[in-house]
Amino acid sequence: MAIKHNQKLVNNHFRKDWQRRVRTHFDQPGKKASRRTARQVKAAAVAPRPVDRLRPIVRCPTIKYNRKVRAGRGFTLTELKEAGISRHFAPTIGIAVDHRRQNLSEESLTVNVARLKAYKDRVIVLPRRSNAPKKGDTKTDLAKVQRATLISSAMPIAPVDLAVKEIKKSDMPKPIEGGAYAKLRMARSNARYQGARDKRARDKAEAETAKK
């Protein structure tokens, strides 16, 4: 309950030692340099492999953002199967796998399968031991190979066209005679009474047959 008049303040905490608890970010430029150095060290450690993994193209959630596309967590098992890649072999060649995600449209399945096949054609699998190559390893000279530090840069996700397009008046659909509302109501009514009308016609035909 609030105090109404100009009375004495109750036991409030106005003498907090805020200077001891305040957070500063004076190390921001130094942290930026540290992160960059860490990325360079990681890239050198995993070379000639890229630092990141291949991610699928997914739609952003909710009606507000579903016109945009972005990188997803991983490819579905269906997409890997359609592309001819084993679910256990995929992570070993830099493909992210998400067994929980599902394909709810043919469009997403087709786009991601094409992305997997394009990556499969470009990827070079080097043998663990140069003197004992295994099945599926690529026999090539490393000096002639074009390397990519980031897969996201080598195979970027192109944004979809969000621009508003104008169409000609002749391209617009012709108006429905009598209006769309009346047309839908008539179709609904015909579907509702179709059984009764068929039964009435059938009974009439049977009655005429019985008279003969």
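Predicted model: local features only at pLDDT ≥ 70, side-chain atom pairs only at ≥ 80, totals over all residues.
## A walk through the chain

Residues are numbered from 1 along each chain as its sequence is written, and side-chain values use heavy atoms, leaving out hydrogens and water.

Now switch to cartoon. You'll find seven helices and two strands, in the order α-α-β-α-β-α-α-α-α from the N terminus. These are DSSP runs: helices are H or I with at least four residues, strands are E with at least two.

Zoom out to C-alpha atoms. They fill a box of roughly 100 × 90 × 40 Å along the principal axes.

Next, select Leu54, Phe75, Leu80, Ile85, Ile95, Leu116 and Tyr119. These have the most contacts inside the largest nonpolar core, which has 15 residues. Such a core is a set of buried Ala, Val, Leu, Ile, Met, Phe, Trp, Tyr and Cys residues joined through side-chain atoms within 4.5 Å; buried means under 20% relative accessible area with a 1.4 Å probe, protein chains only. Color helix 4 (77-83) and helix 5 (106-122): each supplies at least two core residues, and helix 5 gives the largest share, four.

Finally, center on Ile95. Setting aside residues up to four places away in sequence, Ile95 touches Arg53, Leu54, Phe75, Leu80, Ile85, Ala90, Leu116 and Tyr119, a contact being heavy atoms within 4.5 Å.

Conventions: Buried < 20%, exposed > 50% of the residue type's maximum accessible area, 1.4 Å probe, protein only.
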